[in-house]
Amino acid sequence: MMLKTTSISLSRRGPANPKYGGISVVFPVYNESFIIEQTLRNYIAELQNRVEDVEFIVAEDGSTDDTKAVLERLEQELPIKLFISYERKGYQQALKDAMKHATKPWLFVVDSDYQFAAIDFWHLEPLRDEFDIILGVKTPRRDPFYRVFLSWGYNVLLRFFFKIPYADMDTGFRLIRRAVVEELSPSVRFMSFFNAEFVIRAHFKGYKVAQVPVCHYARKIGSTTIFHISRLFSICFQLFVGIIRLWLELKREGQIPLKKAPSKIN
Ligand SMILES: Nc1nc2c(ncn2[C@@H]2O[C@H](COP(=O)(O)OP(=O)(O)O)[C@@H](O)[C@H]2O)c(=O)[nH]1
Ligand SMILES: [Mg+2]
């Protein structure tokens with residue numbers, strides 16, 4: 001495992017190094033009709049001419065607002081590959097399905113609610129030479145108090161069980177080698193809302209994970225759809241059970257080492 005942090009000021013804004021291959025930008029979308037157009041336009045403007053080989057994949061997932069209509073209109077104009085679902089498959093499954101359509105060696109998976117700035121991609125991109133997963137750590141996080149508190153508790157639990165040093169495994173701004181996703185995503189099944197399980201599995205397989213601070217902005221419109229306050233209790237319970245099941249599996253497979261043997265005294 002390696003940990004890397006950079007300063008938040010940006011020294012270079014593209015072009016992406018072609019040596020490391022093209023990038024599929026993947027947007028999971030659920031009920032984002034008021035912001036999705038701005039999000040897509042900003043990422044496309046930032047990346048289209050600075051990444052030699054890039055594609056934009058939109059994974060819409062059973063939205064109940066106008067999102068589908070907005071995306072169908074944008075599809076006529078913008079270079080996006082649009083995948084629409086009439087049922088809500090859930091975040092993780094929608095991502096897994098979308099990634100099957102990705103053709104580039106790297107995936108840049110970003111939330112569609114524009115809480116991150118497209119320009120911060122350039123903090124992550126240069127680390128492709130050394131790392132397999134590059135996480136943008138929300139610095140500081142601009143979310144409602146209950147959401148921040150919940151994530152804090154969740155991360156404490158993850159660090160307690162798995163003894164891993166990552167601060168923001170569920171970030172909605174991450175650059176991942178596609179080969180790692182293809183290898184590990186079929187086994188991701190215990191924490192269905194988020195990405196932490198993927199990062200934990202990758203860590204114990206020996207893949208290199210970097211953390212980079214990135215700006216985070218308050219949601220301009222709508223509210224968190226994953227951690228909605230009315231579903232809080234059931235989500236917390238499911239997450240806790242997921243952590244225990246993953247821990248048991250990794251222990252059983254010997255991926256989490258048993259207690260350190262006491263060092264020899266001569
Ligand atoms: N495909 C898909 N995307 C979702 C689902 N729920 C949320 N999203 C998207 O996932 C991203 C993060 O969701 P959000 O509710 O903002 O979570 P938060 O920022 O972690 O509180 C946003 O782009 C949402 O549109 C879902 O069920 N399916
Ligand atoms: Mg959000």
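How many of the five residues of strand 4 are buried? Five of its five, where buried means under 20% relative accessible area, exposed is over 50%, and partly exposed is in between, with a 1.4 Å probe and protein chains only.

Okay, ground rules before I go on. This is a predicted model, where local features need pLDDT of at least 70, side-chain atom pairs count only at pLDDT 80 or more, and totals for chains, interfaces and linings use all residues. Residues are numbered from 1 along each chain as its sequence is written, chains are lettered from A and ligands numbered from 1 in the order in which they are written, and side-chain values use heavy atoms, with hydrogens and water left out. Helices (H or I, at least four residues) and strands (E, at least two) are DSSP runs, numbered from the N terminus.

So, strand 4. Trp 106, Phe 108 and Val 110 point one way, Leu 107 and Val 109 the other way, and all are buried. Now its neighbours, with strands counted as paired if DSSP finds at least two bridges between them. Strand 1, residues 23-29, pairs with strand 4 in the parallel sense over four bridges, and Val 25 stands opposite Phe 108. Strand 6, residues 173-177, pairs with strand 4 too, but in the antiparallel sense over five bridges. There, Val 109 has Arg 174 as its bridge partner.

Stay with Phe 108 for a second, as we get to the rings. A search of the whole structure turns up 12 aromatic pairs. The rule is that rings of Phe, Tyr and Trp (its six-membered ring) pair if their centres lie within 6.5 Å; planes under 30 degrees apart are stacked, over 60 edge-to-face, and the rest tilted. Tyr 43 and Phe 108 make a tilted pair, 6.2 Å centre to centre with 55° between the planes. That pair links distant parts of the chain: Tyr 43 is in helix 1 (residues 36-47), Phe 108 is in strand 4 (residues 106-110), and they're 65 residues apart. Both Tyr 43 and Phe 108 are buried. They also belong to a cluster linked by ring pairs, along with Phe 27, Tyr 114, Phe 116, Phe 121, Trp 122 and Phe 173.

The other pair to look at is Phe 162 with Phe 204, tilted again, at 6.5 Å centre to centre and 55° between the planes. This one also links distant parts of the chain, Phe 162 in helix 5 and Phe 204 in helix 7, 42 residues apart. Both Phe 162 and Phe 204 are buried.

Which brings me to helix 5. Residues 145-162 make 18 residues, and helix 5 reaches 25 Å from its first C-alpha to its last, close to the 26 Å expected at 1.5 Å a residue; that expected span is 1.5 Å times one less than the number of residues. Its buried residues are Arg 147, Leu 150, Ser 151, Tyr 154, Asn 155, Leu 158, Phe 161 and Phe 162. They cover an arc of only 130° around the axis, so they're on the same side of helix 5; the arc is that of the directions from the helix axis to the C-beta atoms. An α-helix has 3.6 residues a turn, so residues three or four places apart point the same way. On the other side of helix 5, Phe 145, Trp 152 and Phe 160 are exposed. And what covers the buried residues? Helix 7 (196-204) and helix 8 (232-252) are among the elements that do, with contact meaning heavy atoms within 4.5 Å.

Just after helix 5, Lys 163 takes a positive phi of about 50°. Lys 163 lies in the loop between helix 5 and strand 6, and at 64% relative accessibility it counts as exposed. Asn 31 has a positive phi as well, near 50°, in a residue other than glycine. Asn 31 is in the loop between strand 1 and helix 1, and is partly exposed, with a relative accessible area of 23%.

While we're on backbone, there are cis peptide bonds to flag. One joins Gly 14 and Pro 15, with omega about -5°, and Pro 15 is in the segment before strand 1. Another joins Thr 139 and Pro 140, with omega about -15°, and Pro 140 is in the loop between strand 5 (133-138) and helix 5.

Last item: charges over rings. That takes NZ of Lys or CZ of Arg within 6 Å of the ring centre and within 35 degrees of the ring normal. The charged end of Arg 88 sits over the ring of Tyr 30, 3.6 Å from its centre, and the charged end of Lys 68 sits over Tyr 86, 5.2 Å from the ring centre.
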